[in-house]
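I opened this notebook to record what I looked up in one chain. The entries follow the order in which I consulted the model.

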Amino acid sequence: MGWPLAVSAGLMQRSSRALLAALGPLAIGHLLAMLLVILPFALLVTLVEWQRTIRIGASLLVILFGLYRLIDRRHPRALARIPPTQLALWSFAVAIAHGAALMLVPIYLGLCREAAPDQGHAAANSLIDTSLTMAVLVSLVHAGAMIAAGGCLAWLVYRYLGLKFVARSWFNLDAVWALSLVLVGAVALALGVAT
């Protein structure tokens with residue numbers, strides 16, 4: 001129902017050109033709204049059709065990135081000094097980059113089901129099958145648990161242990177992360193090739 005806005009633009013400026021000019025933004029807005037709804041479903045169909053190839057490619061990518069992190073052990077210093085005004089943006093970017101929400105998608109979509117569910121799995125399946133509200137609730141619980149655990153750890157280190165303890169006792173978490181990427185990628189590759 002955007003046409004009344006085009007008429008209004010033409011009447012306010014007393015020009016048929018203004019009416020025609022208003023049609024462009026109206027069409028773009030409508031197209032973007034349609035794509036926002038339709039594209040995720042189209043991508044899901046593509047993912048299902050190409051799942052084996054995507055799985056193998058993603059496995060190789062994870063292995064290569066893990067090997068790269070093992071070889072190049074430098075950690076960007078800029079990531080250690082994030083201004084408080086940019087913490088939300090940083091948290092969003094890192095959560096997207098690390099796939100924080102992606103680990104919840106298989107659970108939410110019900111891809112982790114058993115053939116004959118017991119009572120616990122049946123309860124989980126009924127939660128999975130509910131609605132958008134459940135997706136939001138799962139996200140809120142996950143984010144709440146993450147911030148509670150991380151916040152407690154940060155407060156304890158800050159309050160009781162201090163920076164000297166962290167500097168003296170710190171182990172190379174990047175190496176552990178890189179090794180876990182290689183291991184997970186190898187397992188995923190083996191499973192992808194086997195199916």
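**Confidence and conventions**

I began with confidence: the chain averages a pLDDT of 74, and 68% of the residues score at least 70; pLDDT is the predictor's confidence in each residue, from 0 to 100. The model is predicted, and I note that local features need pLDDT of at least 70, that side-chain atom pairs count only at pLDDT 80 or more, and that totals for chains, interfaces and linings use all residues. Residues are numbered from 1 along each chain as its sequence is written, and side-chain values use heavy atoms, with hydrogens and water left out.

I then looked up confidence by element. Helix α3 (residues 51–71) has the highest mean in the chain, at 86, whereas helix α5 (residues 105–109) has the lowest, at 56.

**Overall architecture**

I recorded 8 helices and 0 strands, in the order α-α-α-α-α-α-α-α along the sequence. Helices (H or I, at least four residues) and strands (E, at least two) are DSSP runs, numbered from the N terminus.

Of the 195 residues in the chain, 12% are buried; buried means under 20% relative accessible area, exposed over 50%, and partly exposed in between (1.4 Å probe, protein chains only). The chain exposes about 15,700 Å², of which carbon and sulfur atoms supply 75%; the areas come from the Shrake-Rupley method with a 1.4 Å probe, and for residues only the protein chains shown count as cover.

I also checked contacts (heavy atoms within 4.5 Å). Among those with a separation of 6 or more, 62% join residues 24 or more positions apart.

Which residues of helix α1 are buried? In α1 (residues 3–13) I found A6, A9 and G10. They cover an arc of only 95° around the axis, so they lie on the same side of α1; the arc is that of the directions from the helix axis to the C-beta atoms. The face turned away from that buried side carries the exposed residues L5, L11 and M12.

Just after α1, R14 takes a positive phi of about 50°, although R14 is not a glycine. R14 lies in the loop between α1 and α2 (16–49) and is exposed, with a relative accessible area of 78%.

**Helix α2**

I28 lies in helix α2 and is exposed, with a relative accessible area of 53%.
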